[in-house]
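Let's take a walk through this structure together, starting with its inner spaces and then turning to its charged side chains. Have a look at it first.

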Amino acid sequence: MAAELVITHGKVITVDEENSIREAVAVEKGRIVAVGSHADMAPYIGPATRVLDLKGKPMLPGINDTHMHGPYFGATRPPLALDLSAPSVTSIEEMVTALRDKVAKTQPGEWIRGFGWDVGTLKECKHDPSRMPRKSDIDAVSPDNPVVFNDFSGHTLLVNSKALEVAGINAQTPAPPSGEMERDPATGEPTGLFKEPAAIAMVSAHIPLLTREEKRQAVLTAVAELNKNGITSFTDAAIGPGGETMLFGVMSGEFVKIYGDLLEEGKLTVRTNVLLLMGDYGALTLDDIKENFDTFPIPNDTDPHRLKFSGVKMFADGVPLTGTSWMNEPYVAGGHGDSVVPGSTETEKRKNLKEMVNYVHAKGFMAGIHATGDRAVDAAAEAFMYACDNNPGVPVRHQLIHGDFMDPETTRALSKYPCGVSMQPAIGAMISDFEPAVVGAERAAKEFPARMVQESGLVLTFSCDAPVTLPNWRQGVQAAVLRENAVSGRVSGPEERITREEAIRAYTINGAWQDNMEREKGSIEVGKLADFCILGEDILTVEARRIGEIPVLATVFNGEIVFDESNGLFEA
């Protein structure tokens, strides 16, 4: 009965149906064979058993992040890109300094990429909604290098004049089919800001694609960061044939093969569920999906516990701060935003979305739909329910991605179907101070309505949407529990707070459900995969404002330690 690994003297937060707390776990061949007290482990300890003594430290199931962009995240981290996020960059002045230093080390003509700037943390922009970094801020220090700086959300791109020159964009260039190429009202010249996919593509299509080795490095960087944060499962939301030229190739279909290669090499130490991008993610059509299903080789022979290609990514709208979420009620500045689904009328857009979801559902694939505005959520929910009703013999679990603003009635209706919603509480903590000026105070307080969703019965999962936020899920738990702005501490919508236990379930067993693997992972129970996250402090009792600071001491994936910063603390 001896096991390969026994972990003892811990606070084992099992996340089973009763939220039981245990002391010890035994593991054999990557599976949990016993859960109980320290004394219960005696029969499982033999001469060759590795024993870890947690010395009272807490252990959870491996974290399941249901929405992020692995290659994109890795490509936005050094050495492949400048880090423009706070605290590295907290002002336009510091952005310019970072760019100046990079230019000094870069050959003329080479592209310079950066990621993570946020008007919420840039000193010059915090109290002036009209102030944005523009090409006029960065041109002087980068006359000979095309520069592309993505904001933290990935929905706004800042470029310099050299990048515009390379892309052939000037005052006479027509507006994009959707999104916005911002222009100077006096001259009509582009200001360097591009919002939403179709507009961003006007420049990104000209950026040299990452090399094969750079793509591989991007994935390895992402995997290492996930291991470091106790994340043992994640959904990569958008790689595939539709991403070949988008954002310098960070959504390329080549990553499908790279993931497979890393799996074979034993370097994919995180369970990966992929949503495929089957066309232009700013204007996806049913014809795109059909063509790519016919021509793109979707692997069907990988170990589904390690790597699977289970869904198709779709977009219904943009994001609130840029006024591109599709809303039922108007923004403070007017307008309702719009859907990026092709169609000349709302009826046509909804019909097209329903047909796309129905098509992938019939093939046994889930649809993951980016929808932030309540009008977009309504359209996505309608499409999910239609596809489920139309294909009763095909068991598929669809995913609503983001769900910033959700109508309670729509949410209750959707809860009757096999669907979940993936929210990002840490994003809410970043943007909550700015939303009232965009959508009004009352509506802003209801953004990311976790409590409403929890009580509706719709399956609630949490994620980081990296590179939008870093994969620190403890910050997500803290944000969901407190709903405090990360900078000001101002509380937004306290009635939408949830408990620590509920937030942990959203990061573990609920995510496993969304992956259709709740019998395999998501809780620490006999028979399940041995994926664990060992923490330095007790997440259930530590002061709430310190949850985000809790260190991950070790990560166990499939019974093997893949990250260890315990400094030998646990060796018995």
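About 180 Å³ of space lies in the largest cavity. A cavity here is a set of points, on a 1 Å grid over the protein atoms alone, where a 1.4 Å probe fits but cannot get out; its volume is the space filled by probe spheres set on the points, which are joined across faces, edges and corners. Searching the whole structure turns up six cavities of 30 Å³ or more. Keep in mind that this is a predicted model, where local features need pLDDT of at least 70 and side-chain atom pairs count only at pLDDT 80 or more, while totals for chains, interfaces and linings use all residues. Residues are numbered from 1 along each chain as its sequence is written, and side-chain values use heavy atoms, with hydrogens and water left out.

So who lines that largest cavity? There are 17 lining residues, meaning residues with an atom within 4 Å of a point. Pro425, Gly428, Ala429, Glu447 and Arg483 lie nearest the centre. Two elements give two or more residues to the lining: helix H12 (425–431) and helix H16 (473–482). (Helices are DSSP runs of H or I, at least four residues, numbered from the N terminus.) H12 gives the largest share, three residues. By type, the lining has nine nonpolar residues (Ala, Val, Leu, Ile, Met, Phe, Trp, Tyr, Cys and Pro count as such), four charged (Asp, Glu, Lys and Arg) and four polar (the others, Gly among them).

Now for the charges. Side chains of opposite charge can pair when their charged atoms come close. A salt bridge is a side-chain nitrogen of Lys or Arg within 4 Å of a carboxyl oxygen of Asp or Glu, and by this rule there are 29.

Take Glu382 and Arg350, which meet at 3.4 Å, N to O. Glu382 sits in helix H10 (residues 374–390) and Arg350 in helix H9 (residues 346–362), so their bridge ties together parts 32 residues apart in sequence. Arg350 is buried at 18% relative accessibility, with buried meaning under 20%, exposed over 50% and partly exposed in between (1.4 Å probe, protein chains only). Glu382 is partly exposed at 31%.

Asp433 and Arg490 also form a salt bridge, at 2.9 Å, N to O. This pair links distant parts of the chain, 57 residues apart: Asp433 is in the loop between H12 and helix H13 (435–439), and Arg490 in the loop between H16 and helix H17 (500–506).

Finally, Arg212, Lys215, Glu254, Lys257 and Asp261 are linked in a network of salt bridges.

Terms used:
1 Å grid on protein atoms, 1.4 Å probe; cavity = no way out; pocket = protein on both sides within 12 Å on 5 of 7 lines; lining within 4 Å.
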